[in-house]
Each structure stands twice: as C-alpha cells, then as structure tokens.
Amino acid sequence: MTQIATSPQPAGPAPLLREVYGRLLRRLRTRRGRTLADVAGRAGISIAYLSEVERGLKEPSSEVLEAVCIALGSSITGLVGAAHRELTELAAPAGAATAGGRVLDLTSRVGSSITAPVETPRAGDGPALLAA
C-alpha cells in the first residue's frame, strides 16, 4: 500500500491584526502597572472600548491606537514593530506566513533618504506581505 506524505498543516489560522495589537497593548499596560481606567482616560476613550480593543474585539482606528500608545508612554511605531515581530515569530515555524508569497521587510529603510528600488512582480510570485 502506498502512503501519500502530507505536508504539515499550520497550527491554526493566523491571528487577526486587531488581536495582536490588543494583546500587545494589554501586555504593555499591565507591565507598567496601569489600569484600564487610567489609560482610557488619558487616551480619551471609554474603559469598555479599551477593554474590547485589548481583547481583539474591536478594530481601532490609527488615531485611537496612537492615543492609547501615547497614554502608555509608547508610540504607534513601536506597536507596529512589535506586531511585525510577533507575527513573524508565529509564522516562522509553520513556514506558511505568506502562503508561498514574499515578505518585503521595510524596516531597514526607516529614516533613510535612500529610495528603495521598485520591485516588479514576476509571474508565479505569491502575494507580497509588507513588513514594517
């Protein structure tokens, strides 16, 4: 009897970006010993909304994310970078981060005056995931 080798399946679907942002914000808030009420008040949002953001139930705008980051003494750039690292680490073992596509790492050019070359997609390339 011939057996067909199966390729390893990912452990589950990739987390939603709002879930990753929420997890990171909650981790930062608790590490700093801050309460939901304190951070929400400083960010100008309700406690209930911040709680939903932290649990990944709401898709906050960039303005809300920035306000929460500032209230926590951080920056939206730091949040996006941490989310990129977490998603990269989650995808690395399974090797299915881009489903056959490419990851374009944009972090090496941040703050640089060097213009990145324009990359023309080739036939057969999978989708590109921009990582900042």
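Author: Let us begin with one pair of side chains. R34 and D38 are joined by a polar contact of 2.4 Å between their side chains. A polar contact is a pair of N or O atoms within 3.5 Å; within protein, one must be able to donate a hydrogen and the other to accept it, and residues adjacent in sequence count only if both atoms are side-chain atoms. Please note that this is a predicted model, in which local features need pLDDT of at least 70 and side-chain atom pairs count only at pLDDT 80 or more, while totals for chains, interfaces and linings use all residues. Residues are numbered from 1 along each chain as its sequence is written, and side-chain values use heavy atoms, with hydrogens and water left out.

Reader: Which backbone oxygen does the side chain of R34 reach?

Author: The side chain of R34 reaches the backbone oxygen of A71, at 2.9 Å.

Reader: Where is the place of R34?

Author: R34 is in the loop between helix 1 and helix 2, the latter covering 36–43. Helices (H or I, at least four residues) and strands (E, at least two) are DSSP runs, numbered from the N terminus.

Reader: Does R34 count as buried or exposed?

Author: R34 counts as buried because its relative accessibility is 19%. D38, with a relative accessible area of 28%, is partly exposed. In the protein chain of 132 residues, buried residues make up 26%.

Reader: Which residues does R34 touch, not counting residues up to four places away in sequence?

Author: Contact means heavy atoms within 4.5 Å. By that rule, and not counting residues up to four places away in sequence, R34 touches R29, V39, R42, A71 and L72.

Reader: How is a salt bridge to be read, and how many salt bridges does the structure hold?

Author: Side chains of opposite charge can pair when their charged atoms come close. A salt bridge is a side-chain nitrogen of Lys or Arg within 4 Å of a carboxyl oxygen of Asp or Glu. The structure holds seven salt bridges. One of them is formed by R18 and E59, whose closest N and O atoms are 3.6 Å apart. This pair links distant parts of the chain, since R18 lies in helix 1 and E59 in the loop between helix 3 and helix 4 (62–71), 41 residues apart. R18 counts as partly exposed at 25% relative accessibility, and E59 counts as exposed at 55%. The pair with which we began, D38 and R34, also meets in a salt bridge (2.4 Å, N to O).

Reader: With which residue does E86 form a salt bridge?

Author: E86 forms a salt bridge with R27, the closest N and O atoms being 3.7 Å apart. E86 lies in helix 5 (residues 76–94) and R27 in helix 1, so the pair ties together parts that are 59 residues apart in sequence. E86 counts as buried at 14% relative accessibility, while R27 counts as partly exposed at 32%. R23, R27 and E86 are linked in a network of salt bridges. Not counting residues up to four places away in sequence, E86 touches V20, R23, L24 and R27.

Reader: How does one describe the packing of two helices?

Author: Two packed helices are described by the angle between their axes and the distance between the axes. Axes are lines fitted to C-alpha atoms, for helices over the stretch in contact, and angles run from 0 to 180 degrees between N-to-C directions. Here helix 2 and helix 3 pack at an angle of about 105°, with their axes 9 Å apart. They are therefore roughly perpendicular to each other; angles under 35 degrees count as roughly parallel, over 145 as roughly antiparallel, 65 to 115 as roughly perpendicular and the rest as oblique.

Reader: Which residues make the contact of helix 2 and helix 3?

Author: L36, A37, V39 and A40 of helix 2 meet I47, L50, S51 and E54 of helix 3.

Reader: What is the overall pattern of the protein chain?

Author: The chain has five helices and two strands, in the pattern α-α-α-α-α-β-β along the sequence.

Definitions and conventions: Buried < 20%, exposed > 50% of the residue type's maximum accessible area, 1.4 Å probe, protein only.
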